[in-house]
Amino acid sequence: MMIADRFPWLTAIVLLPLIASLLIPVLPDKDGKRVRWYALGVGIADFGLMCYAFWEHYDVSSASFQLVENYAWLPQLGLNWAVSVDGISFPLVLLAGLVTTLSMFSAWQVNHRPRLFYFLMLVLYSAQIGVFVAQDLLLFFIMWEVELIPVYLLVCIWGGQKRRYAATKFLLYTAAASIFILVAALAMGLYGGGNMSFDITVLAMKEYPLGLQLLLYAGLLIAFGVKLAVFPMHTWLPDAHGEASSPVSMILAGVLLKMGGYGLIRLNLEMLSDAHIYFAPVIAILGVVNIIYGALNSFAQTNMKRRLAYSSISHMGFVLLGIASFTDLGINGAMLQMISHGLIASVLFFLAGVTYDRTHTMVMKDMGGIGQAMPKVFALFTISAMASLALPGMSGFVGELSVFLGITTSDVYSSTFCTVTVFLAAVGVILTPIYLLSMLRQVFYGKDAALLCDINNASLENQEDEGTVCFGTDCLVPEEAVYDDARPREVFIAACFLLIIIGIGFYPKAAMQMYDVKTVAVNARIRQSYAVASQTNPHIYANRFLVPTKIPETELTPVLGTLK
């Protein structure tokens with residue numbers, strides 16, 4: 001037991017996929033079958049390792065960092081290998097492990113450079129786990145940057161017709177925005193003099209002046225807003241999804257978007273709570289814009305994956321609303337929405353890939369009438385769409401309802417602000433079933449259409465911009481196409497997601513208990529900052545906030561479990 005307690009669980013979880021990926025170039029394999037089994041085995045082993053470590057050594061009743069590991073790396077620069085988890089990162093680590101493992105299983109029939117494909121997938125696996133467990137802000141930045149390289153190559157090599165444009169746009173947007181993370185890390189690490197440290201717990205203990213907090217908050221909002229696809233920094237996402245292969249889209253929607261939400265909660269809310277008071281109304285407005293803008297644009301798309309991409313933009317608006325709510329329920333809802341959307345978006349993009357594997361097109365009007373030929377795909381797609389439109393009994397319903405109740409019951413915003421915000425967000429909720437049911441109608445009920453295919457097997461060896469990579473079944477001419485229904489492997493992958501989605505829908509406590517204590521502590525700190533600010537300057541929130549006539553003593557008392 002002593003050995004188990006001292007074992008560096010998080011370091012092993014982060015480094016296992018990375019070290020395993022280095023063996024792929026020397027793995028004896030001719031047709032890619034051994035490589036795919038090897039990569040899948042590594043993914044399952046790492047996911048099993050994190051499940052065991054968290055089950056045995058993580059206490060959900062504590063709001064503090066756990067499984068803390070700190071090793072000197074570059075002490076001259078103040079950089080340490082410092083990793084840990086708490087209620088914010090713990091569920092997202094599990095989400096990343098599940099989605100990435102199943103995405104590798106969904107890419108089972110990749111036959112174009114399989115060694116490189118699975119090598120990049122394992123490196124990406126390691127980097128995204130590293131983002132969620134990094135306790136050193138410089139390490140967080142490094143992992144954030146490392147994650148960009150595999151995604152860029154995965155889109156650029158295994159993407160669609162405009163894959164190079166989409167990959168370059170993704171890299172430029174996210175790499176440029178991440179500079180703000182580095183600047184913020186350096187500013188916080190160097191502020192105040194003394195020993196330079198980038199440990200999050202040390203940085204959070206410093207008292208930053210409000211002006212500096214506002215600048216740091218604005219920069220980090222840009223960095224995380226790009227990753228979260230916040231309007232108007234969202235335009236990379238539809239292009240990336242539209243051109244990426246479905247396994248990569250699963251990771252983009254299921255994990256990478258959540259890095260933005262995680263960063264906002266971890267740094268902006270938890271460490272810059274004084275500045276959050278000033279930015280909260282702006283975040284709420286951006287959330288409403290995301291919800292309506294994403295829903296309207298989704299309805300206008302004729303490409304299935306672009307429609308799902310804009311749907312993701314819309315659903316991320318609820319995360320912003322929850323973050324800006326000033327309520328325990330609202331921030332809880334934001335966390336649940338990230339988990340729920342990660343599962344739902346992943347299964348939707350997976351099923352879009354299954355459909356593309358048969359039809360070789362993403363244009364919905366060219367797919368019509370395949371419902372009778374592929375009843376299993378139709379059933380799985382319908383259930384997933386119902387989850388996305390927040391049908392009761394699904395995880396999406398609980399997440400969105402929590403956000404709605406959180407923003408509605410907020411005692412910080414004025415009643416007019418809350419009413420208008422909830423009304424506009426409800427409009428987005430009404431639009432969601434319209435574009436999702438319309439997609440189902442066009443794909444599965446429309447008139448039979450000729451299949452489109454513009455590549456052949458030979459073009460896989462030397463791809464050009466005008467080529468398109470087909471996953472799975474060989475690309476066929478229309479009269480030779482076979483509409484096979486979902487295979488057992490594909491049903492299993494979809495079922496893994498749907499069982500969790502339905503389970504959370506019927507018993508949301510299973511997910512909420514993982515992070516509830518931590519989100520309550522984070523909100524308590526924000527409420528404390530708000531109470532102090534409104535007491536010292538009661539007119540600063542005119543027409544947007546309700547200034548409390550009496551500040552509860554509990555909100556002026558340091559809360560156990562927060563970083564400060």
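This is a predicted model: local features need pLDDT of at least 70, side-chain atom pairs count only at pLDDT 80 or more; totals for chains, interfaces and linings use all residues.
Good morning. The expected span of a helix is 1.5 Å times one less than its number of residues. Helix α9 has 19 residues, and from its first C-alpha to its last it reaches 25 Å, close to the 27 Å expected at 1.5 Å a residue.

Before going further, a word on confidence. The protein chain has an average pLDDT of 82, and 87% of the residues score at least 70. Two stretches call for caution. Residues 448–481 have a pLDDT below 50, and in the model this stretch has 71 contacts beyond near neighbours in sequence. Residues 542–551 are also below 50, with 27 contacts counted in that way.

Let us return to α9. Which of its residues are buried? They are Gln213, Leu216, Tyr217, Gly219, Leu220, Leu221, Ala223, Phe224, Gly225, Val226, Lys227 and Leu228. The cover over these buried residues includes α6 (137–158), α7 (163–190), α10, α11, α12 (273–300) and α13.

I now follow the chain out of this helix. Just after α9, Ala229 takes a positive phi of about 60°. In the loop between α9 (210–228) and α10 we find Pro232. The peptide bond from Phe231 to Pro232 is cis, and its omega is near 5°.

Helix α10 (residues 236–243) packs with helix α13 (residues 304–323) at an angle of about 145°, and the two axes are 8 Å apart. The crossing of α10 and α13 is right-handed. Which residues make the contact? From α10 come Leu237, Pro238, Asp239, His241 and Gly242, and from α13 come Lys305, Arg306, Ala309, Tyr310 and Ile313.

Beyond α13, in the loop between α13 and α14, lies Phe326. Its phi is near 65°, a positive value in a residue other than glycine. Is Phe326 buried or exposed? Phe326 counts as buried because its relative accessibility is 2%, and the cut-off for buried is under 20%.

A second case of this kind is Leu67, found in strand β1 (residues 66–74). Leu67 is not a glycine, yet it has a positive phi of about 55°. Leu67 also counts as buried, because its relative accessibility is 17%.

Next, helix α17 (residues 415–445), which holds Thr432. At 6% relative accessibility, Thr432 therefore counts as buried. What does Thr432 touch, leaving aside residues up to four places away in sequence? Thr432 touches His315, Ser388 and Leu389.

Finally, I come to helix α18 (residues 488–506). Helix α18 has 19 residues and reaches 26 Å from its first C-alpha to its last, close to the 27 Å expected at 1.5 Å a residue. The buried residues of α18 are Arg489, Glu490, Ile493, Ala494, Phe497, Leu498, Ile501, Ile504 and Gly505. They pack against α4 (90–106), α11 (246–271), α14 (328–359), α15 (375–388), α16 (395–408) and α19 (509–536).

Methods: Residues are numbered from 1 along each chain as its sequence is written. Side-chain values use heavy atoms; hydrogens and water are left out. Axes are lines fitted to C-alpha atoms, for helices over the stretch in contact, and angles run from 0 to 180 degrees between N-to-C directions. Helices (H or I, at least four residues) and strands (E, at least two) are DSSP runs, numbered from the N terminus. A crossing is left-handed if the near helix is turned anticlockwise from the far one by less than a right angle, and right-handed if clockwise. Contact means heavy atoms within 4.5 Å. pLDDT is the predictor's confidence in each residue, from 0 to 100. Buried means under 20% relative accessible area, exposed over 50%, partly exposed in between (1.4 Å probe, protein chains only).
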